[in-house]
Amino acid sequence: MNEAGLHAKLGAAGIDGIGELDTSAKDPFVVVEADALVAVMTFLRDDPDCAMEMLHLVTATEREACIELAYHLCSYQHHHSFVVKVICPRPEGGNHDTWHPEVPSVAGVFDAADWHEREQWDLLGVVFAGHPDPRRILLPEEWIGHPLRKDFVYPSFLGDVPLELDATPMYERGPDWTPPSSEPRPAGEPLIQPPSPPSDRPHAGGQAPAKDEAPADAADTGKEG
Amino acid sequence: MEALIGLFGELFGLEGTLALSAAYAVCIGSILGFVTVYSMFAIWMERKVAAHIQVRMGPMVTGGWHGWAQSVADAVKLLFKEDIIPTRANAFMFWIAPAVVFCGVFAGLIVVPFAVGVQVVDLHLGVFFIIAIASIEVIGVIIAGWASNSKYSLFGAVREAAQVVSYEIPTATALLVPILVVGSFRLNDFNTWQAEHHWLIFHSPWLAMAALIFFISSLAGCKRAPFDLPEAESELVSGFHTEYSGMRFSFFFLEEYTSMFVAALLTATLWFGGFNLPFVDSSAWHPALAMPIGIVVLLAKTFFFIFVQMWLRWTLPRLRVDQVMSMGYKYLVPWAFVALIATAVWDYYGWGWLPL
Amino acid sequence: MGILNNTLPSNTVTDAVDGVIGWGRKSSIWPMTFGIACCAIEMMAVYAATFDLDRFGAGVPRATPRQSDLIIVPGTVNAKMAVRVKRLYDQMAEPRYVIAMGACVCGGGPYVKWGYNTVKGVHKIIPVDIFVPGCPPRPEALMDGILKLRDKIGMNDVFRRQKETAESMNRSYGHL
Amino acid sequence: MEALEMFTSDRNADVYTEELKLNLGPQHPSTHGVLRVELAMDGEIITDSWCDIGYLHRCAEKIGENVTYLQFTPYTDRMDYLASMNNNLAWSLTVEKLLDVEAPERAQWIRALVAELNRIASHLIAFGTYGIDLGANTPFFYAFRERESIMQLLEKISGARMLYNFIRPGGVANDIDDAWMDEVSAFCDDFEKRWVEYNTLLTDNFVFIQRTANIGILTKELALSNGCTGPVLRASGVKWDLRRDVPYLEPYDECEFDIPVGEGTHGTLGDCWDRYWVRMREMIESVRIIRQCIEKIPPGAHMEKSMVKMYKTPLKPPPGEAYVRCENPRGELGFYVVSEGGNSPIRCRTRAPSFCNLSVLDKLLPGTMLGDAVATIGSLDIVLGEVDR
């Protein structure tokens with residue numbers, strides 16, 4: 001069955017909030033409402049004609065206007081795959097500090113979603129309501145912020161571990177050295193103030209560089225080991 | 001021993017207790033020296049055997065010819081390495097454990113006849129003594145594991161306790177089989193008996209079986225692969241000696257190789273003719289000739305069995321802890337008893353097996 | 001050893017003893033079985049048949065830091081791992097040596113610019129004796145690093161008063 | 001009666017038992033890198049386990065959003081560093097799908113050839129380290145001997161030993177010649193003999209079978225629900241291989257090869273032995289594919305002409321998104337790339353096979369013993385670079 005067939009099948013299931021099939025993309029996808037997500041996933045898994053046994057991937061993508069979640073499903077019985085998307089529009093002034101979009105967790109439908117959703121929470125700050133174990137997975141527990149957001153500010157320290165290129169080695173610190181405070185910062189402030197003078201790394205403690213100039217200066221360091 | 005006492009009397013005019021003490025000091029010193037040199041050689045040999053099994057060369061640089069001085073360098077380094085006692089460990093127990101472990105196996109060597117007359121004490125209960133004194137080792141390991149205050153060490157110690165205590169039964173039962181034939185616990189009697197008759201391994205199929213059972217369970221007793229669970233590196237990091245560093249750790253090394261030596265030597269003495277050459281009657285030889293040849297023959301046999309132990313270690317995967325236990329209790333113990341009873345019956349009727 | 005460290009004058013005896021100790025230490029470097037990332041595979045290749053680190057007496061990988069002399073840090077250290085690397089180093093017995101293997105460990109490597117989580121060189125965490133650059137370094141490069149470490153160890157004094165190597169032996173590790 | 005009281009009364013109240021928490025890793029000889037597993041132990045038996053990953057998190061997805069499409073290729077090498085070619089392949093296919101470009105025919109055959117070579121190298125490490133996990137050190141050295149020949153072969157065409165950066169969007173970096181292919185076929189002849197040797201050394205070993213059969217049984221339902229792929233899934237009896245079912249390269253369509261599936265030879269379907277044995281047989285299948293590639297490889301360009309022009313400026317795919325899956329040695333590697341027309345993607349998500357395969361570990365461990373935990377982790381054959389990215 002192709003994507004259109006799957007979409008038709010899904011539309012006939014009587015679930016509210018299923019959007020149109022978007023065939024402009026390389027992999028056609030369907031956008032569903034967040035409330036309908038669990039029902040859609042359960043239907044796709046259980047319906048014998050769809051039989052999506054496997055949830056391949058849960059991806060959150062941050063765009064200008066929204067964070068969209070893509071669920072890649074595939075079926076080994078019927079050799080077809082399908083993409084379901086949920087779109088969480090960005091509220092006015094929503095940045096990585098103030099805005100954590102919330103979607104229902106599908107960990108109850110697919111076990112695979114458990115770790116994927118934890119990772120998306122960890123890196124992008126998407127809250128999965130009803131997740132059995134909503135902890136960080138890759139970053140340490142004491143990490144502040146969600147690094148894959150575009151407005152994430154690079155920290156200089158984690159606890160007393162230096163993350164700066166020009167930081168003083170731990171064993172050369174004087175006895176009066178105090179670890180930087182890791183208290184949650186007030187909204188709008190940089191995560192941890194950069195050491196002064198600020199390093200020449202492009203956005204240590206400052207603003208993330210604009211999108212277009214990235215490759216130009218990435219070229220000088222990107223390839224060297 | 002008696003010869004030494006006489007020698008001291010002749011040379012220095014020592015008598016009585018003084019002569020005895022001097023003779024003991026010399027004997028223990030020489031055994032200690034032997035153990036140290038032997039362990040260094042065995043460690044070098046282990047690395048070479050392992051390397052050649054694994055298509056590589058092993059130590060080649062240290063000391064020149066095939067890295068012969070590798071173990072010397074290891075010893076020097078370990079001697080001058082910092083000795084850590086973890087803060088949360090029980091310092092006294094942590095300190096004493098390597099000594100207990102090493103004494104246990106080291107003491108077993110004093111009853112071993114290396115050749116005619118080359119023996120510290122000719123105990124009537126030689127075999128019994130070795131088995132009894134070697135059990136002290138397990139206490140040392142348990143102390144080490146407990147005193148380290150580390151979970152891996154504790155696991156190692158508990159595994160060691162379970163494993164060694166279980167395998168004492170088949171070890172001792174298998175040892176009883178040749179004892180039943182020879183009728184003595186004394187190690188020298190095995191040498192003379194086998195010189196007069198034939199090697200005990202050829203005596204009957206049951207004795208061959210007992211030899212196999214003894215060899216397998218002695219592997220477990222020495223914590224050698226495939227029974228190296230107490231120090232299983234991929235599971236327990238280093239097992240009971242995880243927290244030991246420097247010289248204390250090297251005592252565990254010494255202990256392991258010395259107990260390998262004792263096990264191999266018992267196999268050679270009890271089943272494979274001791275210091276007797278095959279097909280050659282050396283009983284009439286002059287002691288000056290028989291002694292060095294005897295030592296060489298015995299050591300050659302011993303090192304063959306040590307080589308087999310190493311060979312197995314670098315070939316076989318490790319068993320799981322419950323499989324080790326079930327192997328001991330379900331297979332080795334019953335078959336050891338079968339061998340014991342069957343030998344009794346066999347010898348009672350005086351059946352022969354091979355034309356010997 | 002502690003009180004004797006680098007206090008005796010230089011004479012024939014201390015020279016000879018230092019020579020023997022230095023020889024022992026450099027001929028028997030036991031590395032720790034410690035793999036982090038890509039470089040660990042090349043490190044394994046160095047242990048393996050073609051390159052065979054055991055030729056130099058350095059082929060006894062010990063799983064526990066207590067018994068190992070050398071920690072090869074093979075691969076990117078990130079914020080979560082740095083605390084562990086530090087602890088492993090603290091658990092090792094003196095004398096201990098560190099080889100930073102690979103570009104990431106020498107100074108951030110490919111992850112230096114955009115890696116929000118990576119430590120830009122393990123020398124920010126623990127003092128390093130030898131840096132082996134490369135991504136990953138060829139086994140020959142690591143061998144060369146180990147040979148350089150051997151030379152370095154052989155030069156260190158134990159009993160004699162130290163000259164220029166004092167700093168490398170007695171580093172202060174700050175409040176950590 | 002008194003004796004009974006001793007057991008029933010509270011006299012031994014100060015003697016108590018507690019659950020032992022054992023911390024496996026991140027520095028542990030058998031966690032294949034820096035995996036940390038926290039185990040709750042009741043004696044030797046594991047009652048519960050918690051995986052803790054992230055000790056090798058290297059921000060690959062953030063880097064992907066900041067560097068150009070071409071510059072990201074070396075970073076894919078460093079994800080699954082045991083199978084760099086396969087990672088490069090998946091990334092290149094993703095970028096090609098975004099750009100609507102297809103690699104020339106010869107490039108596809110070269111890609112399949114080197115990817116299969118790298119698959120053998122990767123499985124060899126799985127085989128060798130699995131031996132070490134179970135206490136047999138020797139297979140590791142034999143495996144590395146053959147792996148060394150593969151690395152030398154690949155070094156000849158790519159210039160790098162381990163992280164090749166050889167397969168690029170639009171084709172491959174260099175062309176291969178007949179002399180090199182002769183060396184490859186000589187290696188294949190050699191390898192088939194060695195493979196038999198491995199089996200005598202480890203596969204058929206009684207102790208090895210005892211240690212792996214009936215251990216860590218992964219049922220088909222659990223595997224599918226957890227998103228396990230690759231040999232882990234096939235060992236559970238699912239005959240699914242992207243190379244056969246969704247051929248993403250031309251050679252996979254034309255070559256003949258079998259897909260080894262777990263059969264429960266020595267125990268239950270989906271145990272550690274099955275996973276191991278699937279990997280071992282896949283090596284031989286890879287050799288078959290390599291031989292056919294050498295035979296059938298067509299002449300032509302090794303790089304798409306239009307791409308060479310595009311290389312002079314950063315690639316700028318049109319806005320859109322692409323998800324491509326490839327059959328890696330560890331399972332299905334997927335790249336999901338979202339482009340908004342800029343020099344670099346705005347999202348560069350990796351579906352790491354090891355990540356999904358590892359998530360099943362917490363469900364396999366409870367009830368087994370400590371030694372089995374090591375065997376199970378080894379049989380999943382994870383690469384932490386890929387789990388944490």
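This is a predicted model: local features need pLDDT of at least 70, side-chain atom pairs count only at pLDDT 80 or more; totals for chains, interfaces and linings use all residues.

Student: In which element is His123(D) found, and with which residues is His123(D) in contact, leaving aside its neighbours within four places in sequence?

Tutor: His123(D) belongs to helix α5 of chain D, which covers residues 105–133. Once neighbours within four places in sequence are set aside, the contacts of His123(D) are Pro231(D), Arg279(D), Glu282(D), Met283(D) and Pro329(D).

Student: I turn now to interfaces. How many residues of chain A are in contact with chain D, and what area do the two chains bury between them?

Tutor: The size of an interface is often expressed as the accessible area that is lost when the parts come together. Here chain A and chain D bury about 4200 Å² between them, with 56% of this on carbon and sulfur atoms. Lys26(A), Tyr76(A) and Trp115(A) provide 18% of the area that chain A buries against chain D, more than any other three residues. In terms of contacts, 48 residues of chain A meet 50 residues of chain D.

Student: How many salt bridges and how many residue pairs in polar contact are counted between chain A and chain D?

Tutor: There are eight salt bridges between chain A and chain D. One of the salt bridges joins the side chains of Lys85(A) and Glu321(D), at 2.5 Å from N to O.

Student: Which elements of chain A supply residues to the side that touches chain D?

Tutor: At least two residues each come from β3 (54–62), β4 (66–75), β5 (80–89), α3 (113–124) and α4 (214–222) of chain A. The element that gives the most is β3(A), with eight residues. By type, the residues on this side of chain A comprise 25 nonpolar, 10 polar and 13 charged.

Student: How should I read a strand such as β4(A), and how many of its residues are buried?

Tutor: In a regular strand the side chains alternate between the two faces of the sheet. In β4(A), Cys66(A), Glu68(A), Ala70(A), His72(A) and Cys74(A) point one way, while Ile67(A), Leu69(A), Tyr71(A), Leu73(A) and Ser75(A) point the other way, and all are buried. Since 10 of the 10 residues of β4(A) are buried, the strand is largely enclosed by the rest of the structure.

Student: In which sense do β3(A) and β4(A) run, and in which sense do β4(A) and β5(A) pair?

Tutor: β3(A) and β4(A) run antiparallel and are joined by eight bridges; they form a hairpin with three residues between them. β4(A) also pairs with β5(A) in the antiparallel sense, over 10 bridges. Ile67(A) shows both pairings: Glu62(A) stands opposite Ile67(A), and Ile67(A) stands opposite Cys88(A) in β5(A). The hairpin of β4(A) and β5(A) has four residues between the strands, and His79(A) there takes a positive phi near 60°.

Student: Glu68(A) is a charged residue. Is Glu68(A) buried or exposed, and with which residue does it form a salt bridge?

Tutor: Glu68(A) is buried, with a relative accessible area of 6%. Its salt-bridge partner is Arg63(A), with the closest N and O atoms 3.2 Å apart. In chain D, Glu146(D) is buried at 2% relative accessible area and forms a salt bridge with Arg145(D), the closest N and O atoms being 3.2 Å apart.

Student: Which parts of chain D does the salt bridge of Arg330(D) and Asp381(D) link?

Tutor: The closest N and O atoms of Arg330(D) and Asp381(D) are 3.6 Å apart. The pair links distant parts of the chain, 51 residues apart: Arg330(D) lies in the loop between β6 (320–328) and β7 (331–339), and Asp381(D) in the loop between α17 (370–380) and α18 (384–388). Both Arg330(D) and Asp381(D) are buried. Elsewhere, salt bridges that share partners join Glu119(A), Lys150(A), Glu61(D), Glu65(D), Arg347(D), Arg349(D) and Arg389(D) into one network. The whole structure holds 73 salt bridges over all chains.

Student: Finally, how many helices and strands does chain C have?

Tutor: Chain C has six helices and three strands, in the order α-α-β-α-β-α-β-α-α along the sequence. Of its 176 residues, 66% are buried.

Terms used. Residues are numbered from 1 along each chain as its sequence is written. Chains are lettered from A and ligands numbered from 1 in the order in which they are written. Side-chain values use heavy atoms; hydrogens and water are left out. Contact means heavy atoms within 4.5 Å. Buried area is the accessible area (1.4 Å probe) that two parts lose on being put together, summed over both. A salt bridge is a side-chain nitrogen of Lys or Arg within 4 Å of a carboxyl oxygen of Asp or Glu. Buried means under 20% relative accessible area, exposed over 50%, partly exposed in between (1.4 Å probe, protein chains only). Two strands pair if DSSP finds at least two bridges between them.
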